[in-house]
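Below is a set of questions and answers on side-chain interactions, written for a reader who has the coordinates open.

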Amino acid sequence: MAVTEEIQNLTPEEEAEITRIVDSFDTELASIAQMRGKVSVIQADSTADDFTITPGEGLDEGESEQVYEEPEEIVDITDMIEEVPEEMPPSVEEEAIPEFEEPKAYEEELPREPEIVEEPPLEEFKEEIPSFEEKEIPSAKLPKKEVSPLDELEELTKFEPDTVEAHEIRTDEFVTEEPRGPKDIRLDEDIHLSEIGTEEVSEISEIKADELPEADLTSLGIDEEIPEPAAFEEVSKEEPPRARFETPSFDELESFEEPVKKAEKIERVVEEFKPEFEGLEEETPSISMEESVEISDAELRQLKKALLLLHPVLRKKIKEIILRDELSPDDTRKLIDLILSGKPEDNIQRFIEKKLNIKLILEEEIPHRRVITARPEYTREGMQRQQRLLRQTKIIAAAVLIGFALTVTVYQYIYKPFMAKRLINKGVALILEPGDPATKKVKDYKKAEEYFEYVDQHYKKDYLYGYNAYARAYFKKREFDYSYSKLKRAYQINNRDIDTLNNTGYFFAKIPEHYYSRIQNDAIKTFAPKDTYEVSQVDMAIMMYNRVLAIDPKNITAMFGIGNAYLYLGQYLKSRQYFENILKVDPNSWVGYAGLLNLFIERDNLPEVLSIHTDLRARDILTDIPSPLLAKLAHYYLGKNRSDTFNVRVDLGIQSPRLKDEDDNLIPACRGVLDALKEKDPDYPPLYVASAKLAAAQKNLKLVEMLLKEAEQKAEEKGERYSAALQLLGEYNYTIKQPVEAYKYLNAAITAYQYPPEFTYEDFYYESESIGKAYAYLGHIFYYFFDKVKFRFGDELDEALLDADADKMANLDIARQKYELALQENFSSPEVRYNLGRIYYVNQNYQQALEQWLNLYEDIVTNPQVMFAIGNAFYHMNNLEASKGEYLKMIAIFERKAEAIRLPRPERKEHMIIFQSLASAYNNLGAVYQIQGSETKSSIAYWKAIDYASRLGMENEFARVNLARGFKPRTTPIMPILDENIPYSIDIFRAEMR
C-alpha cells in the first residue's frame with residue numbers, strides 16, 4: 001500500500017480530535033520506549049520536512065474517562081485504509097495521527113519482545129480515512145476480562161531492564177532497511193497483524209526475553225521509511241521543521257509511572273477509533289497446521305511471537321510454508337523447533353533453502369524502510385551467555401577477593417620474612433667473604449650494614465634473626481666489637497630469646513681474655529645488672545646458658561655450652577655430666593657424643609675414645625661428627641702408635657683389626673676416621689694434612705708430598721693459605737735435603753700463621769703443627785747446612801759452599817735466632833736444646849750452653865755423649881769437680897759398651913762414637929787431674945785416651961801433648977789442652993757425619 005501523495009487537509013474538528021489522541025499516546029509511548037529501548041519515528045516518504053510524529057505528553061486524569069464503550073469485538077481495519085488525495089494548502093503543516101493498537105482479533109500478534117512498532121504515516125491512509133466529525137464520545141468502562149495491549153506488552157517484557165540509556169543503543173544495530181519487492185521468491189507482499197487471531201490473547205503465558213528472537217514490523221504493511229529519533233541519529237543534515245504537534249526528544253521522555261492507569265488510556269484510544277473503522281477489516285488466513293504436525297497451544301503462542309522477530313522475507317516464507325504445506329510434516333516440525341529454540345536466522349534460512357532448493361535474499365540494508373531488530377543480549381543464547389558471564393563474574397570477584405587476601409597474607413607473612421632473611425644472609429656472606437682487613441673488608445662491612453638497615457626499615461623491625469646472624473658472622477671474622485654490639489642490641493629487644501642467649505653464652509666462652517677484660521664492666525651492667533661481684537668470662541657464659549635451660553630445660557645447645565665451659569675450667573666430671581644429659585634427651589644426638597669424645601681426647605683416655613668411636617660407628621652417625629673433631633681424632637690416633645713404652649694390644653687389650661694393625665698401631669682406626677671425614681667434607685684442608693701424616697707414618701714420602709700440596713690447593717681455593725700444610729711441605733723438603741725449598745715453605749708457613757683460615761676458628765679444631773716447630777726447622781737449615789747455604793738480603797737463601805769462617809759463623813748465628821724463636825713459641829725438643837747450647841758453646845757463652853744442656857737429662861740415657869758437652873761447660877766455668885763427675889759418668893757408660901767389643905771397626909758408627917768419646921773423655925779428665933795437681937791420675941788418663949784412640953787406628957794428639965808437658969818441670973804451669981770436639985748434635989756425632 002505504498003503511496004506518494006501527501007495527506008489531505010483536515011478540518012479543525014479532526015485536528016482537535018487527532019491532537020487529543022496523540023496526547024493520550026505521549027506518556028505511554030515514552031514509557032514503552034524507555035522499557036524497550038527502541039523507538040520508531042514515522043516520517044513521510046516524500047520529504048523529510050513534511051511532518052514528524054514522536055511520543056508526546058499523555059492525557060490528564062480528566063480525559064482518561066472519556067472513552068467509548070468497548071464492543072464485544074474489535075475489527076482490524078488496517079488493510080482497508082485507502083489513500084486520500086492531498087488538498088492541504090502549502091501553508092498548513094501536516095498533522096500525524098498516532099499509532100493505534102490492533103483490534104482484539106489480532107491482539108495476540110501485538111506483543112513483541114524486542115521493539116515497539118509505530119503505525120505508518122497517514123500518507124498511506126489518506127485516501128481511505130473519512131472526515132472526522134466532532135461529536136461527543138460517551139464514556140464507558142472497559143470490561144475487566146479484556147487484556148489491553150500494554151498489559152500484554154508488560155507481561156512479555158517484565159524480564160527486560162526497566163530503562164535503557166540512550167548511549168547503550170546503536171542505531172545500526174536496531175534499524176535496518178528493507179525494500180519492497182515484487183511478488184516473487186523475495187516475498188515483497190505486506191503481512192498484516194490480522195493474519196494472527198486474538199483468541200489466545202488472554203491465554204498468553206509469561207515469556208522471558210531470552211526466548212524471543214528478533215522481530216520487524218513489515219507485516220503491518222508499512223513500507224515508508226521510519227526515521228529514528230533525534231537522540232539516536234540525525235535523519236538529514238538540515239533539521240526539518242516540526243509539526244505543530246511537536247513532541248519532546250527521546251531524552252525528555254518521562255519514566256513509566258502508573259502502568260495500569262496508562263494501559264487503560266490506550267484501550268480507550270483504541271475504542272475511540274473502532275467506530276470509525278468498523279467494517280474495514282480484511283480477512284487474513286490464519287496459520288494452519290497439517291494434522292500430522294502436533295503442536296501445543298504454548299508452542300503455537302511462542303511460534304507467533306517468534307515469527308515477529310524474524311526478517312520479513314524469512315517470516316513471510318515461513319508462513320507460506322506452513323499454510324501451503326510446502327514441507328513434509330517432519331521437516332515442518334524441524335523448522336518449528338528451530339524457530340522455537342531461538343536459532344539464528346542464518347540457520348533457519350539455510351534449512352529452508354536446503355529443503356526447498358531455493359535461494360532467499362535477505363538484504364542487510366534495505367532502502368526506504370527501517371526495521372527494529374532485537375538486541376543480541378535479549379535472545380536465549382544472549383541470556384544464557386549473560387548468566388554464564390554473571391556466574392563467571394561472581395567467581396572472578398571471589399577469586400579477586402581471595403587473591404587479594406592471599407596476596408596481603410603472602411606479602412606480610414611470607415614475602416617480607418623471606419626477603420628479610422635473604423638480605424640478611426647476603427650481608428652475612430659479605431662479612432664472611434675473605435679479603436684484606438684494611439681495605440676490602442671495611443667496604444664489605446659497610447655494605448652489609450646497609451643491607452641490615454634496609455631490612456630494619458622496610459621488611460622487619462628489630463629482626464632478631466638478623467642480629468644473631470650478624471653477631472655470629474662478625475665473631476667468625478674476629479670482629480668482636482661488631483659482634484658484641486649486635487648481641488647487646490638483640491638482648492635489649494628480647495632478653496628471653498633462646499637464640500640470643502645461646503649466642504651470647506658462646507660469645508663469652510670463646511672471646512680472648514684480654515678483650516673480655518675490656519668490656520667486662522659493660523657486660524656485667526648489661527647482662528648481669530644484679531650481680532655486684534666481678535663475674536668472670538666463663539661464669540658469664542654459664543649464666544647465659546642457664547637462662548636458656550630455665551626456659552627450655554631440654555635445650556641441647558645450652559647443655560653443650562655448659563659442658564664445654566666446665567671442660568675449659570678443668571671440671572671434667574661436671575662437663576661429662578652435661579654431655580651425658582644430652583644423650584638422655586636424645587640417645588642418637590651427635591652433639592652429646594661429640595662432647596664426650598672431645599673430653600676423652602683432652603683427658604688422653606684412649607679406651608674411652610675407642611669406646612665412643614665404636615658407638616658412633618654402630619649408630620652410623622660417625623659422619624655427623626663435626627669435621628674439626630674428626631680430624632682431631634685422626635691426629636690423636638696417629639700419636640698413639642706403638643713405642644718402647646706403649647703397646648695397644650698389651651696395655652689396652654685391643655685385638656680388633658678394625659682398630660689396630662699387625663704392628664700394633666692404630667692405623668686402621670685412623671684410616672676409618674679419615675674415610676668418614678672425606679665422605680663428610682672432601683674439601684676440608686685438615687683432611688689432607690692428617691692423611692699426609694698417616695702416609696709419613698707408613699714411610700710413603702711421595703704420597704706425603706702429593707697430599708700436602710692438595711691441602712694447600714684446597715685452602716687457596718677458599719682464598720686462604722694453610723700454614724700447617726706449608727710447614728709440613730717445608731719439613732718434607734728438609735728431609736729430602738732441599739734446604740732452599742724447605743726455607744721457602746717454612747717462611748710461607750710463618751707468614752700464613754699470622755692470618756689463619758676461617759676453619760681454624762671452628763669448635764674442636766686441633767692445630768697439629770706448631771709455629772715454633774717451623775722456626776726450629778729454619779734453625780736446623782742454618783745449623784746443619786751452615787757451610788752450604790748463604791743468606792741473601794731480602795729474606796732469600798741460596799745454596800753455596802762457604803769457605804770463610806765468618807760466613808759459617810753467620811749461619812750459626814741465624815740458627816741461634818731461629819732456635820730462640822722456637823723456644824719463645826713454646827716449642828722444645830732435645831735437638832733444639834742441644835743445638836742451641838752448642839751454638840752458645842762455640843760462641844764461648846758457656847753458662848747459656850749449660851742451661852740448655854741441663855734440660856736434656858732425660859735424654860742422657862740414650863745419648864751419654866751429652867755428658868761430655870756438659871763436662872766441658874763446667875770445665876770452662878772452673879767447676880772442675882762437676883766437670884770430672886760428668887766425664888766419669890760418661891766413661892763408665894761407654895767402657896761397659898767397649899768391653900763388649902772385641903774388635904772395634906772404625907767404619908761402624910756406634911764403634912766410632914764409643915771409642916772416640918772414651919778417648920776425648922779421658923783426655924779432658926786428665927786435664928782436670930793435671931790442674932788439680934794429681935800427676936799420676938793425670939798421666940793414667942792421658943794414656944787411656946791414647947789407647948782408646950789407637951783401637952780405632954787413630955792418634956790422640958791432645959793426650960800426647962798433655963802427657964809430654966806434664967813430665968817437664970816448669971816455673972810457670974801450662975794449662976792442658978782440652979778436647980773441644982763435643983758432639984755436633986744428639987743424633988750426629990760429628991759435622992762430617994751430617
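**Side-chain interactions in a predicted model**

Q: Is Val 410 buried, partly exposed or exposed?
A: Val 410 belongs to helix H9. Its relative accessibility is 36%. Partly exposed covers values between the 20% limit for buried and the 50% limit for exposed, so Val 410 counts as partly exposed.

Q: What is the geometry class of the ring pair Tyr 415 and Tyr 459?
A: The structure holds 41 aromatic pairs. In the pair of Tyr 415 and Tyr 459, the ring centres are 6.4 Å apart and the planes stand at 70°. Planes over 60 degrees apart fall in one class, so the pair of Tyr 415 and Tyr 459 is edge-to-face.

Q: How many residues apart are Tyr 415 and Tyr 459?
A: Tyr 415 lies in helix H9 (residues 380-432), whereas Tyr 459 lies in helix H10. The pair links distant parts of the chain, its members being separated by 44 residues.

Q: In which helix do Glu 320 and Lys 317 both lie?
A: The side chains of Glu 320 and Lys 317 form a salt bridge, with 3.8 Å from N to O. Both residues are buried. They are 3 residues apart, about one turn, in helix H6.

Q: What is the N to O distance in the salt bridge of Asp 444 and Lys 441?
A: Asp 444 and Lys 441 lie 3 residues apart in helix H10 (residues 440-459), about one turn of the helix. Both are buried. Their side chains meet in a salt bridge with an N to O distance of 3.3 Å.

Q: Why are Arg 576 and Glu 580 separated by about one helical turn?
A: The side chains of Arg 576 and Glu 580 meet in a salt bridge at 3.0 Å, N to O. Arg 576 is partly exposed at 32% relative accessibility, and Glu 580 is partly exposed with a relative accessible area of 32%. The separation is about one turn because, in helix H17 (residues 572-585), the two are apart by 4 residues.

Q: Over which ring does the charged end of Lys 486 sit?
A: The charged end of Arg 603 sits over the ring of Tyr 572, 4.1 Å from its centre. For Lys 486, the charged end is 3.9 Å from the centre of a ring. That ring belongs to Phe 452.

Q: Which residues is Thr 526 in contact with, leaving aside its neighbours within four places in sequence?
A: Thr 526 is in helix H14 (residues 513-527). At 15% relative accessibility, Thr 526 counts as buried. Ring pairs link a cluster that includes Tyr 484 and Tyr 491. Leaving aside neighbours within four places in sequence, the contacts of Thr 526 are Tyr 484, Lys 488 and Tyr 491.

Terms used. Residues numbered from 1 in each chain as written. Predicted model: local features only at pLDDT ≥ 70, side-chain atom pairs only at ≥ 80, totals over all residues. Heavy atoms only, no water. Salt bridge = Lys/Arg side-chain N within 4 Å of Asp/Glu carboxyl O. Buried < 20%, exposed > 50% of the residue type's maximum accessible area, 1.4 Å probe, protein only. Phe/Tyr/Trp six-rings, centres within 6.5 Å; stacked < 30°, edge-to-face > 60°. Lys NZ or Arg CZ within 6 Å of the ring centre and 35° of its normal. Contact = heavy atoms within 4.5 Å.
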